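The sequence and the model are shown first.

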Amino acid sequence: MANIRDIAKMTGYSVTTISRVINNHPYVAEEKRQKVLEVMNALDYKPNRTAQNLSKGITKNVGVIVPFVDHPFYNQLLKGIMKAAFAHQYKITLLPTNYDEKLEKSYLEELAAKSFDGLIVTTRANHMDVFLPYLAKNNIVFCEASDLKEVRFVAIDLAASLKASILYLKKQGIKRLGLTLGRSKRLSGNSILTIAQSKKYFPAFDEADIFWDCIHAEDGLQAAEFFQKRQVDGIITNGDEVAAMILAQYSPEQKPFVIGRENLLVSQLLHFSTVDHQLKQCGKAAFQLFYEEKNAQLTIPHRLIIR
């Protein structure tokens, strides 16, 4: 296999000149550049970009912490992150946690060991205090809002979308509001916010009308049974697939008002209302914040789509 010394011998140029051509250095005569490129092509020489990056102290690899990858919410975020990353010739390493705190900490140690150029954290298993010691020396961007000024993030505007959804249901004459939320053992910031907004804009809201641990589409089966027993007539779900599964368990004349999330194809086909948090844009902006290493806190606006 040819190396740059072979190219130097065949061209009569120095190894330094060959290296400059390989690395697109501007101060190389065009005649020399073309001759080197011709020899590289003749020898089928391919530069070792990984070695080049490591010599510069970079990996061109960003780690993305996700709870799991088989969920529409995180799939949409990842699509935005990947599109932006690939445009800048970055690799993506998925780091699923399944909300395992120890596993998540191990990813932070990998970051500290320079296995990645940085992390994009879509959601956390650990408290933010665990991340704080890593922020000063590492490039970390979150996809969740924070009140801490040192935390860089791009987040959806969940508070505004919840307000819009709840007020819309109130306008429809809803008497009993139900919610589907995720993990119950350790409440996420999003769950806490959802409950707070529900109580603020729907004073009659009862926390007993929350169906917990609703993450995947199939969880909608039990959720529908739960809401039927609770005689809930308006439901704000945490996903379009969950919303679709709930609606499928009701007869046409008994269907409650249901609002999904993320404007997936299923919400269009079944024609139910949803909130589009523009997750692809959120993911794209998160990578851009990582890439530019800006100190910023951004919020992506939502769209309430009434059908």
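## The largest pocket

In this predicted model, the lining of the largest pocket is made up of 21 nonpolar, 14 polar and seven charged residues. The space in this pocket comes to about 1100 Å³, and among the 42 residues that line it, Glu 144, Ser 188, Gly 189, Asn 190 and Ser 191 are the closest to its centre.

Two or more lining residues come from each of helix 5, strand 5, helix 8 and helix 9, and helix 9 provides the largest share, with six residues.

One cavity of 30 Å³ or more is present in the structure, and the volume of the largest cavity is about 40 Å³. Its lining consists of Ser 161, Leu 162, Ser 165, Ile 236, Thr 237, Ile 259, Gly 260, Arg 261, Val 275 and His 277, with helix 8 (158-171) and strand 9 (257-261) as the elements that give two or more residues. By class, this lining holds four nonpolar, five polar and one charged residues.

## Nonpolar cores

The largest nonpolar core has 44 residues, of which Ile 120, Leu 177 and Phe 287 touch the most other members. The elements giving two or more residues to this core are strand 1 (61-66), helix 5 (72-87), strand 5 (153-156), helix 8, strand 6 (177-180), helix 9 (189-201) and helix 13 (279-292).

Leaving aside residues up to four places away in sequence, Phe 287 is in contact with Val 62, Ile 81, Ala 84, Ala 85, His 88, Tyr 90 and Ile 120. Another core, of 17 residues, lies apart from the largest one and includes Leu 111, Leu 135, Ile 140 and Val 151.

Technical notes. Residues numbered from 1 in each chain as written. Predicted model: local features only at pLDDT ≥ 70, side-chain atom pairs only at ≥ 80, totals over all residues. Heavy atoms only, no water. 1 Å grid on protein atoms, 1.4 Å probe; cavity = no way out; pocket = protein on both sides within 12 Å on 5 of 7 lines; lining within 4 Å. Points joined across faces, edges and corners; volume = space filled by probe spheres on them. Helix = DSSP H or I, 4+ residues; strand = E, 2+ residues; numbered from the N terminus. Nonpolar A, V, L, I, M, F, W, Y, C, P; charged D, E, K, R; others polar. Core = buried A, V, L, I, M, F, W, Y, C linked by side-chain atoms within 4.5 Å. Buried < 20%, exposed > 50% of the residue type's maximum accessible area, 1.4 Å probe, protein only. Contact = heavy atoms within 4.5 Å.
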